[in-house]
Amino acid sequence: MLMSLIQKRRSTRTFKKEPVEQEKIDILIEAMLRPPSSKECYPWEFIIIDNKDLLKNLSLSKVQGSTFLK
């Protein structure tokens with residue numbers, strides 16, 4: 001089952017203009033905070049951004065590879 005999921009994964013670079021429901025965002029945040037970790041070491045940080053102006057500015061932060069943010 002895991003290999004099937006891995007083989008079917010895809011990247012999305014085009015998005016709908018409608019906002020994501022808060023319930024879905026909450027589920028994703030909870031999933032990000034629950035992975036197993038050796039010795040309770042969590043070496044990552046997540047930043048959730050829903051401000052369109054900030055996303056547009058971030059899309060200009062790199063020469064290549066960030067334009068999909070806007």
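Helices are DSSP runs (H or I, at least four residues) numbered from the N terminus. Methionine 3 has a relative accessible area of 52% and is therefore exposed; the cut-offs are under 20% for buried, over 50% for exposed, and partly exposed in between.

The loop between H1 and H2 contains serine 11. With a relative accessible area of 61%, serine 11 is exposed. Asparagine 51 is 40 residues from serine 11 in sequence, and their C-alpha atoms are 22 Å apart in space.

The largest pocket holds about 1,200 Å³ of space. Its lining has 24 residues, of which Phe15, Lys16, Glu18, Val20 and Leu55 are the closest to the centre. A pocket is an open set of points on a 1 Å grid over the protein atoms alone, where a 1.4 Å probe fits, with protein on both sides within 12 Å along at least five of seven lines; lining residues have an atom within 4 Å of a point. Helix H2 (22–32) and helix H3 (52–59) each contribute at least two residues to this lining. By class, the lining comprises 13 nonpolar and 11 charged residues, with no polar ones. Here Ala, Val, Leu, Ile, Met, Phe, Trp, Tyr, Cys and Pro count as nonpolar, Asp, Glu, Lys and Arg as charged, and the others, Gly among them, as polar.

There are two salt bridges, each defined by a side-chain nitrogen of Lys or Arg within 4 Å of a carboxyl oxygen of Asp or Glu. Lysine 24 pairs with glutamate 21 at 3.4 Å, N to O. Lysine 24 is partly exposed at 48% relative accessibility, and glutamate 21 is partly exposed at 43%. Arginine 34 bridges to glutamate 30, with the closest N and O atoms 2.8 Å apart. Arginine 34 is exposed, because its relative accessibility is 62%, whereas glutamate 30 is partly exposed at 42%.

Residues are numbered from 1 along each chain as its sequence is written, and side-chain values use heavy atoms, with hydrogens and water left out. As the model is predicted, local features need pLDDT of at least 70 and side-chain atom pairs count only at pLDDT 80 or more, while totals for chains, interfaces and linings use all residues.

Technical notes:
Buried means under 20% relative accessible area, exposed over 50%, partly exposed in between (1.4 Å probe, protein chains only). Grid points are joined across faces, edges and corners, and a volume is the space filled by probe spheres set on the points.
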